[in-house]
Amino acid sequence: MGKKYSAQYYPVNGADDEDGKLLYRGTETRPHSKARFLHVSLWLIHGNKAIESKGIVRFNGSWDHRSVYRGNPSPDLDVAWNRVTADGRFMSMTLEQLLKTGEEPAPFMARYPEEYSGNYLASVEVIHQLHCINMVRQSSWGDHYLADDPDFILSPDGWRIHLDHCLEFVRQVIMCRSDVTMVTYDWVEGLDDPYPNFNVPHQCRDLEKILDWVDDHRVYIPQSKLIRQEGNVDLPSPP
């Protein structure tokens, strides 16, 4: 039975996702050539076959719109979020694939043991971004989620740093994308000011296809096996 990841938006006229063909990896601020971006997109689109455009999709931005990702904490709500955020979904990346992203191999890069391919440890960014949004959501229901969260219980300060990281990361994603979709305003009975209509079309990728592809290429490895390999060295601090 196929996996379902409801995006809670509705397709209208189809179109190619031209904007989505340029991907950026990492937090570097130095300029990159157009060729590097094209190498990244070509590997992801043609090599991985993970990216597929949904065409033009109309968001549902209504104030009281119901969604499987929205509402009071419940088991069903947690299941919905866990399906798109859980575990990081580690994959393997060959040296050839790594080079196609524009990155260079380095001794501090984590690799799998030879029995698990010996390739580089990798994951896709969207899962981390959704994890960050989910952490913000959970913090808004702190009385429900934080009382049993071992990370919060053991280190409230560390948890706060994690949350601040997520907020800062989502800010960078939004500003990087800089969505310029135009929002119109309507007069609504009972309101003194014009009301924004957020139910506007956007160009979207098919998240379900990406997650299905990731699950098909996941590497399931015990934590005890995820160790430094021969030749690995440590960075002096996290990147």
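Here is a walk through the cysteines of this structure and then a nonpolar patch on its surface. Keep in mind that the model is a predicted one.

If you search the whole structure for disulfides, you get one. The partners are C132 and C166, and their sulfur atoms sit 2.4 Å apart. That passes as a disulfide because the cut-off for a pair of cysteine sulfur atoms is within 2.5 Å. What does this link hold together? C132 belongs to helix α4, which covers residues 125–140, while C166 belongs to helix α7, residues 156–177, so the bond ties together parts that lie 34 residues apart in sequence. As for its geometry, the torsion about the S-S bond is -65 degrees, which makes the link between C132 and C166 left-handed. Both ends are tucked away from the probe: C132 is buried, and C166 is too.

Is C176 buried or exposed? C176 has a relative accessible area of 55%, so it counts as exposed, given that the threshold for that label is over 50%.

Now over to the surface. W63, V188, L191 and Y195 together make a nonpolar patch of about 420 Å². Take V188 as a way in: this residue is found in the loop that runs between β5 (184–186) and β6 (195–197). V188 has a relative accessible area of 34%, so it is partly exposed.

Conventions: Residues are numbered from 1 along each chain as its sequence is written. This is a predicted model: local features need pLDDT of at least 70, side-chain atom pairs count only at pLDDT 80 or more; totals for chains, interfaces and linings use all residues. Side-chain values use heavy atoms; hydrogens and water are left out. Patches are made of residues with over 30% relative accessible area and no salt bridge: like charges are joined within 9 Å, nonpolar side chains (Val, Leu, Ile, Met, Phe, Trp, Tyr) within 5 Å. Accessible areas come from the Shrake-Rupley method with a 1.4 Å probe; for residues, only the protein chains shown count as cover. A salt bridge is a side-chain nitrogen of Lys or Arg within 4 Å of a carboxyl oxygen of Asp or Glu. Helices (H or I, at least four residues) and strands (E, at least two) are DSSP runs, numbered from the N terminus. Buried means under 20% relative accessible area, exposed over 50%, partly exposed in between (1.4 Å probe, protein chains only).
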